[in-house]
Amino acid sequence: MATTTTDAASHAAEAASAPGMPQLDFSNWGNQIFWLLITLVVIYFVLSRIALPRIAAVLAERQGTITNDIAAAEELKAKAVEAEEAYNQALADARVEAQKIAAEAKAEIQADLDVAIQKADAEISAKAAESEKAIAEIRAGALESIKDVADATANEVVAALGGKADAAAVTKAVADRMKG
Amino acid sequence: MASEAHGAESGGLEFHPMDQFIIKPLFGGDTINWYTPTNVTLWMALAVVAVIALMVVGTRRRAVVPSRSQSIGELAYGFVYKMVEDVAGKDAIKFFPYIMTLFMFIVFANFLGLIPMSFTTTSHFGVTVVLALLVFLTVTVVGFVKNGMGFLGLFWVSSAPLALRPILAIIELISYFVRPVSHSIRLAGNVMAGHAVIKVFAGFAAIAVVSPVSVVAITAMYGLEVLVAFIQAYVFTILTCVYLKDALHPSH
């Protein structure tokens with residue numbers, strides 16, 4: 001190591017003013033080199049023992065966290081897709097069920113309706129038959145009345161013409177006429 | 001340099017651009033022994049403190065989501081790590097702490113040197129020559145340990161015509177031994193020149209008319225120096241990686 005003990009005085013005088021280039025003053029290189037080596041060793045140990053492993057660990061941990069998070073996100077996404085599919089399936093099922101129920105209800109109503117219509121039809125035909133019977137009775141009643149009237153009228157006509165009317169014969173004649 | 005201009009005859013202008021590089025003992029006295037604490041010691045110690053503050057204190061929380069200082073520490077780590085990996089190759093990763101040490105020291109020494117009135121340790125050839133020689137010796141030793149005599153293949157350009165190879169070998173050999181010279185002078189020269197120029201501009205500020213120009217020039221120069229401080233640290237580191245690649249894979 002170079003020391004400056006020999007030319008210390010001249011060097012100090014030189015340093016007081018501006019020397020050409022302090023860099024080329026080789027007398028204090030030893031001092032610089034000594035402190036530089038200490039500095040480098042200290043920085044090297046601080047970095048290699050503490051700082052660099054720590055930063056490497058942090059970076060690795062971050063990378064791991066990011067990878068895990070992405071995996072978790074993908075898993076959740078898959079779950080969401082699955083849930084959507086399940087929802088759609090449920091929706092389709094419900095629709096089918098609803099259609100089935102609607103069809104059933106329709107069929108039931110149709111059956112009820114058919115029964116009711118049949119019943120109504122039967123009632124209507126019963127009523128119609130009754131009415132026909134009544135009409136027939138009335139018609140029969142009317143014929144009877146006409147026969148009576150015709151009888152009576154024939155008797156009166158015979159009497160008025162001066163004949164002696166045989167009631168039974170007149171009645172028979174009227175009945176024959178009416179049949180024809 | 002401008003030291004001739006200093007004196008009464010230059011009309012009040014005083015230039016001491018190189019005074020900022022003078023090495024002084026910290027606690028008085030004139031003798032500088034190899035162990036004497038000097039301003040070199042002080043500013044190197046501050047560089048160590050800065051490195052510890054950024055890389056150890058800044059990352060103390062080991063947060064997955066980093067704080068600002070931890071981000072910068074991680075950025076520096078990633079920057080150098082990627083440089084070593086890309087330039088020197090995967091098998092150079094075991095030299096990463098060593099290269100990181102060089103980078104952190106140079107970058108902090110350069111930036112601390114930009115503080116006004118500070119002392120720039122990397123402006124001294126004594127410092128940069130040691131840094132460059134450390135790289136040179138490491139690379140040479142690693143080259144021979146890894147490849148044995150095959151490391152000499154670095155100088156034997158097998159892709160050139162046979163007649164040219166001896167000449168090329170001499171050129172390669174010279175360029176190999178010039179490496180530490182250029183490696184060290186590039187760093188110290190850039191840093192020293194910038195600081196000296198700033199001082200010269202500062203000297204002109206004594207003339208009232210010129211002083212605004214001087215201030216603007218200092219400001220611009222300072223901005224440039226901020227760039228240079230980082231770029232020179234980067235250049236030194238990447239050249240180290242390049243040399244290391246030569247040592248690990250000497251074939252052209």
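Which residues line the largest pocket? That's where I'd start with this predicted model, and the rest of my notes follow from there.

1. **The largest pocket.** The lining is made up of Gln20(B), Gly113(B), Leu114(B), Ile115(B), Pro116(B), Met117(B), Ser118(B), His195(B), Ile198(B), Lys199(B), Ala202(B) and Tyr222(B). The space inside comes to about 300 Å³. Helix α5 of chain B, residues 165–204, gives the largest share of this lining, with four residues. Sorted by class, you get seven nonpolar, four polar and one charged residues.

2. **The second largest pocket.** Here the volume is about 190 Å³. Around it sit Leu54(B), Ile72(B), Leu75(B), Ala76(B), Phe79(B), Phe103(B), Met104(B), Val107(B), Phe108(B), Phe111(B) and Phe230(B). Two helices of chain B, α2 (68–88) and α3 (96–113), each put in at least two lining residues, and α3(B) has the largest share with five.

3. **Aromatic pairs.** Searching the whole structure turns up 18 aromatic pairs over all chains. One of them joins Phe34(A) and Trp35(A) in an edge-to-face arrangement, 4.8 Å centre to centre with 65° between the planes. Both Phe34(A) and Trp35(A) are buried. For a stacked example, go to Tyr77(B) and Tyr81(B), whose rings are 5.7 Å apart centre to centre with 10° between the planes.

4. **More on the tyrosine pair.** Tyr77(B) and Tyr81(B) are four residues apart in helix α2 of chain B, so about one helical turn separates them. Tyr81(B), at 28%, is partly exposed.

5. **An aromatic cluster in chain B.** Six residues go together in one aromatic cluster: Phe136(B), Phe144(B), Phe151(B), Phe155(B), Tyr176(B) and Phe177(B).

6. **The A–B interface.** How many residues of each chain are in contact across it? Chain A brings 45 residues and chain B brings 52. The size of an interface is often quoted as the accessible area lost when the parts come together. For chain A and chain B, the buried area is about 4400 Å², and carbon and sulfur atoms give 75% of that. On the chain A side, the residues losing the most area to chain B are Gln23(A), Gln32(A) and Arg54(A), which together account for 15% of what that side buries.

7. You'll find Thr36(B) in the segment before α1 (39–57) of chain B. Its relative accessibility is 12%, and because the cut-off for buried is under 20%, Thr36(B) counts as buried. Leaving out residues up to four places away in sequence, Thr36(B) touches Asn31(A) and Trp35(A) in chain A, plus Pro25(B), Thr31(B) and Thr41(B) in chain B. Trp35(A) is the residue that pairs edge-to-face with Phe34(A) in point 3.

8. **Chain A as a whole.** Chain A has three helices and zero strands, running α-α-α from the N terminus. Of its 180 residues, 19% are buried. Taking contacts in chain A between residues at least 6 apart in sequence, 40% join residues at least 24 apart.

Conventions. Residues are numbered from 1 along each chain as its sequence is written. Chains are lettered from A and ligands numbered from 1 in the order in which they are written. This is a predicted model: local features need pLDDT of at least 70, side-chain atom pairs count only at pLDDT 80 or more; totals for chains, interfaces and linings use all residues. Side-chain values use heavy atoms; hydrogens and water are left out. On a 1 Å grid over the protein atoms alone, a cavity is a set of points where a 1.4 Å probe fits but cannot get out, and a pocket is an open set with protein on both sides within 12 Å along at least five of seven lines; lining residues have an atom within 4 Å of a point. Grid points are joined across faces, edges and corners, and a volume is the space filled by probe spheres set on the points. Ala, Val, Leu, Ile, Met, Phe, Trp, Tyr, Cys and Pro count as nonpolar, Asp, Glu, Lys and Arg as charged, and the others, Gly among them, as polar. Rings of Phe, Tyr and Trp (its six-membered ring) pair if their centres lie within 6.5 Å; planes under 30 degrees apart count as stacked, over 60 as edge-to-face and the rest as tilted. Buried means under 20% relative accessible area, exposed over 50%, partly exposed in between (1.4 Å probe, protein chains only). Contact means heavy atoms within 4.5 Å. Buried area is the accessible area (1.4 Å probe) that two parts lose on being put together, summed over both.
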